[in-house]
Amino acid sequence: MLILFWILALTCVGASIAMVVTQNPVRSALYLVITFLCVAVFYVMLSAQFLAAVQIIVYAGAIMVLFLFVIMLLNLGAPQALRERGTLQPFFAAVLGTAFVVMLLLSNSLVALSKVRPAAPPEVYVPLGTVEGIGKNLFDPKQPWILPFEITSILLLVAIVGAVIMAKRRIQDHTP
Amino acid sequence: MITTEHYLVLSAILFTVGTIGVLVKRNPIVIFMCIELMLNAANLTLVALGRHFGQVNGQMYVIFALAVAAAEVSVGLGIIVAIFRTKETINIDEVNLMKF
Amino acid sequence: MIGQLAIAFPANLGPIYLPALVPYIALVIWLGFVLTILPGLIWIERVVIALMQDRSGPNRVGPRGLLQPTADVIKLFFKEDVLPENVDVRIYYIAPVIAVILAFAACGTLVLDAIPFVDAEGRQFTVPLTVGDVNIGLLYILAMASLQVYGIVLAGWASNNKYSLLGGLRASAQVISYELAMGLALLCAILMAGSLRLGDIVEAQATRLPFPGAPEFLRGSILAWFWLGTGLIPVVLYTIAMVAETNRAPFDLPEAESELIAGFHTEYSSMKFAMFFTSEYVAMLTVSGLNAAVFWGGWLPPLNVAPFTLIPGVLWFIIKVMMGIFLYTWLRATLPRLRYDALMALGWKRMLPLALVWLFVLAGANLALERRASSAPLPTPEAGAIVPRMRSTGGPASITGQPPASAEPGPQTPVPGSMEAPASNGAP
Amino acid sequence: MLQNAWLIVWLPLLGFFFHAISGLIFKDRAAQKRVVAYIAPGVVLAAFLVTCAVLPEVMALPAHRATVPLIPGLGTDAPWIKMGGFQVNFALLLDPLSLLMALIVTGVGGLIHVYATGYMAEDPEQPRFFTYFNLFIFMMLLLVMAENFLLMFVGWEGVGTCSYLLISFWYTQVENAKAGNKAFIVNRVGDLGFALGMMAVWSVFGTLSFFTTDGRGVLDLAAVEGGARDVLGNPVSAGTLTLICMLLFVGAMGKSAQIPLWVWLPDAMAGPTPVSALIHAATMVTAGVVMVTRCSWLFVQAPDAMQLVGWIGIATAFMGATIGLVQNDIKRVLAFSTVSQLGYMFLACGVGNFTAGMFHVTTHAFFKALLFLGSGAVIHSMLGEQDMRRMGGLRKLIPRTWLMMFIGTYAIAGFPLLSGFWSKDEILEAALESPWGSGPLLYGIGLLTAFMTAFYMNRLMWKTFYTEPRFVDGQLVPHHHSNFDAHDGHEEHAHAGGDEHGHAHGSGKVHESPPSMMVPLYVLAVLSVGFGIVMAHFTGGRFEHFLEPSVAPKSLYVSALRHEEGHAPLIPPVVGFVISSVVGIAGLSLAALLYRQKMQTGALLPEAEKARNPVYQFLYNKWWWDALYERIFLQTGGWLADRVLWRLVDAGIVDGIVNGVAGAVGLMARIFRRVQTGYVRNYALVMLLGVVILVGGLLYQWSKEPPLPVRERPSAAGVQ
């Protein structure tokens with residue numbers, strides 16, 4: 001398992017770095033899909049099967065397709081279109097990013113989670129990630145998730161309306 | 001033996017990569033992708049910690065984060081399309097009305 | 001089940017734990033079937049269309065043109081592999097690979113049959129005959145189906161060809177649109193079965209009465225299957241969506257010859273074209289298999305009477321899949337291609353609302369039935385229609401090939417505050 | 001009836017509301033005026049009757065005092081303002097002082113209302129006039145009957161407002177509007193003093209009520225045996241009381257036209273004559289006296305303040321009299337006489353004889369109202385002419401009016417046995433025995449003032465009635481006091497269903513006033529003649545005893561001054577009577593003697609002589625007070641406002657600071673706006689910087705103390 005983890009982790013990080021480095025948005029999107037798929041596998045390894053499926057369906061299947069769709073629609077694929085100019089921004093970003101990740105790693109090792117609290121045994125967490133476990137919890141009146149769930153539905157509705165309004169071509173734009 | 005810390009470190013690295021991407025890229029679509037990556041890193045943390053503590057809350061958060069991310073992407077891409085329609089470019093450095 | 005004969009295989013044959021071998025058996029059966037049938041499918045399609053259009057069809061290579069597919073394959077193998085100019089080479093090459101891999105990955109989880117076993121203590125249990133039995137089976141298939149669009153989109157984009165690009169765009173929009181209706185139609189069946197696992201869905205149909213108070217011999221018959229059980233509308237919606245999802249006529253806009261030459265695979269030739277070809281037909285098999293499993297009783301015989309029960313379940317399943325393929329052909333021969341806006345309007349404005357409304361109606365009806373059932377004097381766990389039937393082999397254990405007994409307590413373990421016993425769900 | 005005492009206040013208020021909306025009720029202006037002319041005096045006289053009914057009930061009470069609710073149906077503790085320990089109630093205080101004033105206000109006021117129905121009959125805006133008039137009566141009643149300082153202040157401000165509105169009633173003439181403004185603005189100065197005094201009272205006594213049932217009212221505390229106590233029970237220092245009293249007296253100065261705030265009163269004569277009679281002679285200007293009397297328990301314990309009151313009073317009396325000697329406008333003469341008489345009243349208060357002051361308030365209300373109304377009748381007869389230089393010989397033409405004026409003149413001049421004589425004599429007597437000394441000086445000035453009063457009043461009579469007419473009867477040009485021009489006024493008049501004397505106006509002839517104007521004169525004349533002798537002589541000092549429950553006893557004042565009581569008077573009362581009588585008669589006689597020789601011109605000095613005579617100019621120009629104020633306040637203040645406050649402070653400093661800050665911000669913004677590159681990436685970079693600093697700080701914190709307690713990891717808890 002550990003070997004699998006390392007392979008996936010390196011793939012994941014490598015793909016994400018490649019996503020940032022490459023100049024081609026389509027390739028960026030593909031690398032991101034790889035990252036997402038790796039994360040989905042991590043979910044499976046963390047016994048969150050439902051999330052893994054949703055991750056693939058929503059992120060890889062819908063969101064990234066949407067990205068690709070927009071990239072192709074706007075024909076932004078030409079690599080030279082948005083060439084980066086030389087500024088100090090990447091340098092500072094790299095420095096700060098390094099500092100940030102170093103600090104995050106430090107904080108992880110500092111908190112030493114497994115020393116603070118022992119990990120839960122598998123028989124506790126394994127049922128949680130199934131569709132049944134998620135669903136029962138999500139709609140359990142004793143749990144606080146129903147209201148957020150409903151609000152999320154409203155949020156999605158708003159997003160749909162907003163996206164339609166935003167992307168819709170206004171008629172008066174073309175009348176002289 | 002994969003401990004929770006493995007996942008935490010991994011997500012920290014992914015998050016930072018996403019952050020740097022947001023900072024250095026000029027293509028708003030790619031910036032969006034980097035934000036998605038950051039979200040995923042956070043989600044991974046949540047799931048890992050949820051497993052660590054044997055709680056379902058982590059996964060719940062991720063479900064909501066997914067929904068929010070979907071909404072964000074749809075609206076964000078709508079904005080990008082609108083910007084492209086008016087400015088004929090989406091270079092984020094040319095969308096700079098928020099300045100002196 | 002292997003027929004409906006009351007045969008049960010011993011679970012332990014000497015040192016070998018037989019159920020652990022089931023996925024490999026399924027792999028052999030399924031791969032064999034798919035790889036064999038693929039060329040045949042092309043022949044079938046051409047012949048059927050020819051018959052429908054009152055012409056001869058293939059008749060030169062072999063008897064009745066039976067060897068025609070073989071000739072086609074050989075031709076494809078030996079054709080020149082054209083690499084157009086200014087393509088994004090890596091993506092150009094990887095796109096058909098993605099398509100074909102994902103197509104096969106999706107069809108792997110289709111459940112062909114349920115194998116009965118009996119263990120040393122004499123307890124009977126069944127193991128689904130499938131390559132990978134996951135507890136989110138349907139979701140998995142949907143996920144793979146949604147990923148398949150990448151192959152098309154990337155091919156269209158990488159070809160550096162306007163027709164290809166437009167084909168790819170059309171494909172992505174179309175697949176995203178129809179996935180929704182497809183998922184909602186499937187949800188209706190999931191609602192009835194209470195499980196995402198394909199085997200469970202089929203077994204839910206097997207133990208179902210067509211209507212309350214129906215004679216017992218109709219239990220699990222063709223009338224009890226979900227095509228009728230969910231009220232006909234989901235199966236119609238699913239069938240339309242499945243055709244659109246695989247970009248077949250009359251929804252074959254991504255490769256509309258009259259407008260886009262050949263759409264996303266205009267620039268592909270030789271083996272790469274063959275890969276697309278393969279992926280398309282495998283996808284057809286997959287969605288047809290899903291149709292058969294979810295709405296048409298999977299491996300179940302139409303009636304639990306002698307002549308039908310003698311035929312093995314695998315065969316029934318394959319028969320149903322082939323009927324789906326026939327439907328594809330029939331549609332292609334009959335219907336003209338849709339206009340693009342009509343396609344979108346159908347998907348978003350007709351099918352999606354209808355599916356949504358029907359899902360609500362079905363959920364309400366089920367809830368009412370459950371109420372009535374739970375108010376009955378002696379409620380049994382099977383009384384409610386959406387009582388989930390969890391299989392004993394739960395968790396990721398079955399994926400990793402470990403004995404199912406190790407994860408036995410999994411799904412049924414109550415987690416404080418998070419799960420309740422199913423029967424108490426509807427109790428006031 | 002006691003519980004219905006709110007009617008006294010409410011009747012005029014209802015009248016006010018009725019008049020205010022009468023224009024909506026009556027479409028016909030003539031009908032409106034007719035109804036208003038009945039309602040307006042009616043409510044005031046009704047209030048008078050209620051007061052008369054309440055009076056014996058109050059006097060029957062053991063304490064001669066009652067507190068009744070102002071809002072019917074609510075208790076006396078119905079709060080108007082309630083904030084923490086600060087509570088002001090809607091309540092009326094009924095005691096001899098307030099009831100006396102209520103009687104004067106409603107009685108004299110009612111008579112003047114009746115008079116005004118005749119006087120204002122021709123004015124098209126008569127309903128508006130009565131609206132203000134009724135409101136004034138309400139406010140005045142509120143002032144005199146208030147249970148606490150704040151409610152009194154409401155009335156105080158209310159009468160000021162009505163005064164302003166009525167002075168500038170004919171606002172189309174700009175002098176009238178200016179006079180109204182002057183009255184209002186000068187009164188503000190006094191009101192500020194009153195307000196400050198009120199705050200001081202509250203801060204010391206913790207309440208604003210005069211009397212409370214639990215003995216915690218201001219005057220309850222002030223009347224404590226052995227000196228005033230504050231809210232905590234500690235003795236109040238004389239200095240504090242002096243401050244309070246002086247502040248309150250500043251208010252009284254403004255309202256009662258004392259030096260130095262007297263300048264508004266003569267100008268206030270710009271209003272219609274009933275206004276001058278009611279507000280600026282009989283009632284409102286006495287409000288200061290009433291207030292000082294009401295606070296007599298405070299004043300008697302502040303000897304310095306008393307002394308100030310006394311000196312201001314005598315100085316005002318003297319000054320008013322001197323100026324009155326030379327005025328030509330008939331109403332102005334009366335106005336300065338009012339100033340002078342008010343000075344007498346304060347003199348009485350200052351020497352501690354508050355009852356004498358109130359007595360003079362009462363008698364003055366009668367004869368000054370009589371005089372003003374009589375002069376109004378003269379003016380009416382003369383078709384609006386006010387200048388005495390163009391009068392003369394009116395005795396034959398309007399004999400009844402002459403008789404009224406004659407009675408009034410002799411009453412104010414202190415002719416023996418008339419009411420003015422009694423009250424003035426009482427004041428002079430008290431001044432002679434001034435507790436703080438200077439008695440003879442005060443007495444002397446007082447006598448001189450009385451002499452001058454008699455002189456200028458008889459001068460008025462001679463100039464108006466006895467000398468040869470200096471106009472041609474039948475060719476008088478009407479002075480129309482109206483906001484509308486003559487035609488409008490006559491048309492209105494004609495529509496009003498004219499009585500005969502409307503035609504007299506048209507013919508330009510001098511004519512006697514209508515009965516509605518004369519009847520109030522008769523009543524007031526009777527009171528002017530008889531009131532003093534009845535109250536002061538026949539009933540043996542009844543008036544003094546009547547007011548006793550409301551006024552601080554003289555003994556308290558004397559004890560505050562550590563004087564011994566009961567020393568023999570400097571002159572016996574009989575001698576005082578004689579001296580007063582002689583002085584009054586002398587003044588009258590001197591005027592008669594002098595003017596008998598100038599029957600033709602009606603003037604002692606020729607006009608050319610007047611212009612050269614510095615003394616005459618000094619007096620005629622009111623001691624140069626207005627010029628002084630102009631120099632001090634208008635010019636200096638104008639310079640201060642223009643050069644200092646506006647150009648230097650406002651434009652220079654304030655605007656400078658504001659503009660400077662804005663400019664500095666702008667400058668900084670020009671520098672710092674470079675930070676706002678417009679590149680979102682840059683902003684995000686700064687955000688990341690912040691996050692790094694934040695996380696770094698947290699880590700540093702955690703490195704010293706871990707956020708969670710570290711526990712031993714149990715065995716075999718790993719994952720897979």
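Two residues are taken to be in contact if their C-beta atoms, placed from the backbone, lie within 7 Å. In this predicted model, contact in that sense links two helices of chain D, with T242(D), C245(D), M246(D) and F249(D) in α8(D) meeting D304(D), A305(D), L308(D) and V309(D) in α13(D). By class, the residues of this contact comprise six nonpolar, one polar and one charged. Two packed helices are described by the angle between their axes and the distance between the axes. For helix α8 (residues 238-256) of chain D and helix α13 (residues 303-324) of chain D, the axes come within 8 Å and cross at roughly 25 degrees. Because angles under 35 degrees count as roughly parallel, α8(D) is described as roughly parallel to α13(D).

When residues up to four places away in sequence are not counted, A369(D) touches V108(D), I112(D), A277(D), A281(D), A282(D) and L524(D). In soluble globular proteins, nonpolar side chains tend to be buried together.

In chain C, helix α1 (residues 22-52) has a kink of about 40 degrees at L38(C), shortly before the proline P39(C). The buried residues of α1(C) are V22(C), P23(C), A26(C), W30(C), L41(C) and W43(C), and the elements of chain C that cover them include the helices α2 (68-78), α10 (270-295) and α12 (313-334) together with the strands β4 (113-118) and β5 (124-129). After α1(C) comes D54(C), whose phi is positive, near 60 degrees.

Chain B contains three helices and zero strands, so that, by the way helices and strands are assigned as DSSP runs numbered from the N terminus, its pattern along the sequence reads α-α-α. Of the 100 residues in chain B, 61% are buried, and among its contacts between residues at least 6 apart in sequence, 45% join residues at least 24 apart. The contact of chain B with chain A takes 60 residues from chain B and 69 residues from chain A. On the side of chain A that touches chain B, the elements giving two or more residues include α1 (2-21), α2 (25-45), α3 (49-73) and α8 (146-167) of chain A, and the residues of this side divide into 54 nonpolar, 13 polar and two charged.

Notes: Residues numbered from 1 in each chain as written. Chains lettered and ligands numbered in written order. Predicted model: local features only at pLDDT ≥ 70, side-chain atom pairs only at ≥ 80, totals over all residues. Bend = angle between axes of the 7 residues up to and from the residue. Helix = DSSP H or I, 4+ residues; strand = E, 2+ residues; numbered from the N terminus. Buried ≥ 20, exposed ≤ 12 C-beta atoms within 10 Å, placed from the backbone. Nonpolar A, V, L, I, M, F, W, Y, C, P; charged D, E, K, R; others polar. Axes fitted to C-alpha atoms, helices over the stretch in contact; angles between N-to-C directions. Parallel < 35°, antiparallel > 145°, perpendicular 65-115°, else oblique.
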